[in-house]
Amino acid sequence: MSNTSISAVAMHGVLEQLPQMSGKIVDDTRHEKVLSYMKLFLASPAAAQQLVEWNVALLLGKCLQVDSDPRVSSVAIRFLGSSIVSNGGVAVWRLLNNEGTVTRWVVQNADSPYALVRLSCLFFARKAAQMGDAAAEELLSALDYPRLILRRLLDTSFFVVGEACHLLGELFCRNDGATDPALCALVERLVFKPVETQSAQRKVAVLAAIEALFVAQGNACKFVVQVFTLDRLQSYLFDPDRTVRDRALDILERELVQSEHATVARTVCMLEQRMRNASDRRTNALITLRCLSAVVKRASENPTVDRALVSEQCHCVTQSALAYLQAVEAHTVSTAAPAGLAEIDSNIKELLAGTAGPALRATTNAIVCESARIVREFCRYTFDQSIVSALLKLLEEARIQRNPLLLQLILDALIHALRLANKIEGPSHLHAVPELIANFAISSTGLKSLYALALEVIGDQQNKDAELLRFILAVSRSASMRLADVGWEARDTTLELIAVAATTLDWGQAHTLVAELINDVVAAVNDTEEYVRASAAQALVAIISHADDAFTQQMVLHEGLGRKGLLQLINDSEAFVKRAALDLVYAIGNRCTDTGTSTEWLHSASYEKLYQLADDPDFEVRVRCARLATLLATQQHFGHSNDHEYLCNLQPSTILLDMCRDTSRYVRGVCLESLTLLKQQLESKTNSVGNNVCGGHQEKRRQTAKQSDSSESLYRKLCEVDFGRLEASLSPEHLYQEALDTQVEKELMKESHDPNVGNNILDCY
């Protein structure tokens, strides 16, 4: 049994048992889990043929009775819908049409009072439409699909509306790209109804349908651009309902990309007219700024526009937005700006100046945040040094630092601009990055973005000069400062950066970055915050695993990574810190395999501690304990450690054998893999033991003889292990399989009047 498919025997049992799912199940997610499990079967190449042989129409037809649980019926219908479009699904589709029960049920229940059933009928109709034959057209006609889609677009269920949009997009151009006349009439009927007479629900339905057609195949997008013009869209953009406005903004972005009529100039002009006639000036000002943000974000993507003109117009919009951020009242709109922008600018400044008290603070905050979004969108594709300089000065202002949302928006804009600067000019223009990292006003969210940019610059193969070296050292110094941040999130984020750097960068670059941070990272394993302790250990694992031998030797000799420090980390009260601690001990041990290297890591483990870890409640800790025991056993029997006697006293192979009985299959899996490898190594070692004993120094011969004796004892124990049975116990403990497999105990399947005993195929959850 794999994680991606299920056997035919198990699936047949599921299909037979599905109609008997108890109606007393309260948790609806169980039905969705069952459906997910069933769909795994469809991945098999012979699944459709098998379903036909079983007569799946008859089997699942039992789920479609009058008294059937609607949730069970929905599972059956959606599974059948998925099956007809699977590999070889034409045979299943033919069977369903010949039998007729399923298609009749879909037609009869398309307007069911149960939302899940309505959704399932739409889903089945969409999958049937993909068959593209006469039977599919017959089903769609029986459903009266134009009216059905209209009703479902106005459905009270969000999920049903979404599925109706999918069906609309599927059917609109299904005839070789030509638009469906009935659906064209439906969309026109929706669009041309006066907006003021529409309810909020209907407006959302209209916009959902329009958005679905933008992404549909064929000529659907061209049709919707012609029908749903910018003039029609503006009423939705300024609607009192926020959901309607957000949907309309998404469509505005699509219009700006697709329509040759939705230009920057025309959009700005439309916004100015709406703002001039608005009664609620504050709300309309915010909507206007959000629309301008969409203009700056998407207008340049339209293939029919003059890119230079659009860029200049967007620059003018951005300069106005930047002036609101800077609270510059004397800003003058450029003569190159699109008509109407000066009037919008004047209105917003008047609004900011004419409000007093708390209302002023709320209005100002909202306007500057929307303005920051405009600047952010402009910086995504255009680098302007004057804007970058202005944003850097803004970050120094206390009013910005007191506003986390505004601070993050400005920082996002800067990061976009600096990323472009690196592509254009290289790291010489990125001195601001280390300075921003060292800015304690920037939270962990902003730090993550800055560190990601820093790693991107460092990892750029084109940057190999002295300027890059200075950049890396500056980032390292700033990161060291953030490791002393009073906020643990910043310390944690910085440690994550170090781990990523050691893992992803060339060691030469990573060494320059982390060399001066080692003492800080080692000190962080004793941090008061458990998340920081875990991240520090993981950072050390990454460094030790990827560093060169010289640096690794220096690391393992560090005082903080001695027996006392490692033991304290292993004894941590938090399970996830223990996991990281065991990963660290394993990483050190994996690199310290030669005679003469430090054995401090080895003394952090004792026989009692290993057994305690092997019995830890957290199975991830036990997995790591098994891996560590494997490493110790390997070094005991095949290594050349100076502490061979101590290794023998740890008895790692005995611990591994005991852990084969662990309740977790993941732990048993590590044990099986480790013991199998140990057995193979012992067998290959047998022929060379004599040669090892006869040659070399007396002390080495004595150690080799001891290894030979302990190896023979271990080999005898391994020969007694039933590896086949152990492997059989590792089959995936699949939740759905355990819930539905008919091989479960009959006592669990027995029907009972007691609601807490047996009764349904999911009681073994």
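Is Arg 152 buried or exposed? Arg 152 is buried, because its relative accessible area is 8%, and the cut-off for buried is under 20%. Keep in mind that this is a predicted model.

Side chains of opposite charge can pair when their charged atoms come close. Arg 152 has such a partner in Asp 111. The closest N and O atoms of this salt bridge are 2.6 Å apart. Asp 111 sits in the loop between helix H7 (101–108) and helix H8 (115–129), while Arg 152 belongs to helix H10 (residues 145–153), so the bridge ties together parts that are 41 residues apart in sequence. The two partners can also be placed by accessibility. Asp 111 is partly exposed, at 45% relative accessibility. Arg 152 is buried, at 8%.

This pair is part of a wider picture. The structure holds 36 salt bridges. Two further examples follow.

Take Arg 298 and Glu 253. Their closest N and O atoms lie 3.1 Å apart, and the pair forms a salt bridge. Which helices does this bridge tie together? Arg 298 lies in helix H18 (residues 281–298) and Glu 253 lies in helix H16 (residues 242–258), so the link spans 45 residues in sequence. Arg 298 is partly exposed, with a relative accessible area of 25%. Glu 253 counts as buried, at 17%.

Now move further along the chain. Asp 583 forms a salt bridge with Arg 624, and the closest N and O atoms are 3.1 Å apart. Asp 583 is in helix H34 (residues 575–591) and Arg 624 is in helix H36 (residues 619–638), so this pair ties together parts that are 41 residues apart in sequence. Asp 583 is partly exposed, with a relative accessible area of 25%. Arg 624 is buried, at 16%.

Salt bridges can also share partners. Asp 111, Arg 118, Arg 151, Arg 152 and Asp 155 are joined into one network in this way. The opening pair, Asp 111 and Arg 152, is therefore part of that network.

Next, look for open space. How much space lies in the largest pocket? The figure is about 420 Å³. The pocket is lined by 19 residues, and the closest to its centre are Tyr 324, Ala 327, Leu 352, Thr 364 and Val 368. H21 gives the most, with five residues. What classes of residue make up the lining? There are 11 nonpolar, three polar and five charged residues.

From the pocket, turn to the backbone. Most residues other than glycine have a negative phi. Two residues here have a positive value instead. Asn 55 is not a glycine, yet its phi is about 55 degrees. Asn 55 is found in the loop between helix H3 (47–54) and helix H4 (56–61). This residue is partly exposed, with a relative accessible area of 26%. Asp 144 also has a positive phi, near 55 degrees. Its place is in the loop between helix H9 (134–143) and H10. Asp 144 is partly exposed too, with a relative accessible area of 29%. H10 is the helix that holds Arg 152.

Asp 485 lies in the loop between helix H27 (466–482) and helix H28 (488–504). Asp 485 is buried, with a relative accessible area of 8%. Which side chain does the side chain of Asp 485 meet in a polar contact? The partner is the side chain of Arg 482, at 2.9 Å. Leaving aside neighbours within four places in sequence, Asp 485 is in contact with Phe 440, Ala 490 and Arg 491.

Ser 259 is the other one. Its loop runs between H16 and helix H17 (264–276). H16 is the helix that holds Glu 253. Ser 259 is buried, with a relative accessible area of 4%. The side chain of Ser 259 reaches the backbone nitrogen of His 261 at 3.1 Å. Not counting residues up to four places away in sequence, Ser 259 touches Val 225 and Asn 302.

Notes. Residues are numbered from 1 along each chain as its sequence is written. This is a predicted model: local features need pLDDT of at least 70, side-chain atom pairs count only at pLDDT 80 or more; totals for chains, interfaces and linings use all residues. Side-chain values use heavy atoms; hydrogens and water are left out. A salt bridge is a side-chain nitrogen of Lys or Arg within 4 Å of a carboxyl oxygen of Asp or Glu. Helices (H or I, at least four residues) and strands (E, at least two) are DSSP runs, numbered from the N terminus. Buried means under 20% relative accessible area, exposed over 50%, partly exposed in between (1.4 Å probe, protein chains only). On a 1 Å grid over the protein atoms alone, a cavity is a set of points where a 1.4 Å probe fits but cannot get out, and a pocket is an open set with protein on both sides within 12 Å along at least five of seven lines; lining residues have an atom within 4 Å of a point. Grid points are joined across faces, edges and corners, and a volume is the space filled by probe spheres set on the points. Ala, Val, Leu, Ile, Met, Phe, Trp, Tyr, Cys and Pro count as nonpolar, Asp, Glu, Lys and Arg as charged, and the others, Gly among them, as polar. A polar contact is a pair of N or O atoms within 3.5 Å; within protein, one must be able to donate a hydrogen and the other to accept it, and residues adjacent in sequence count only if both atoms are side-chain atoms. Contact means heavy atoms within 4.5 Å.
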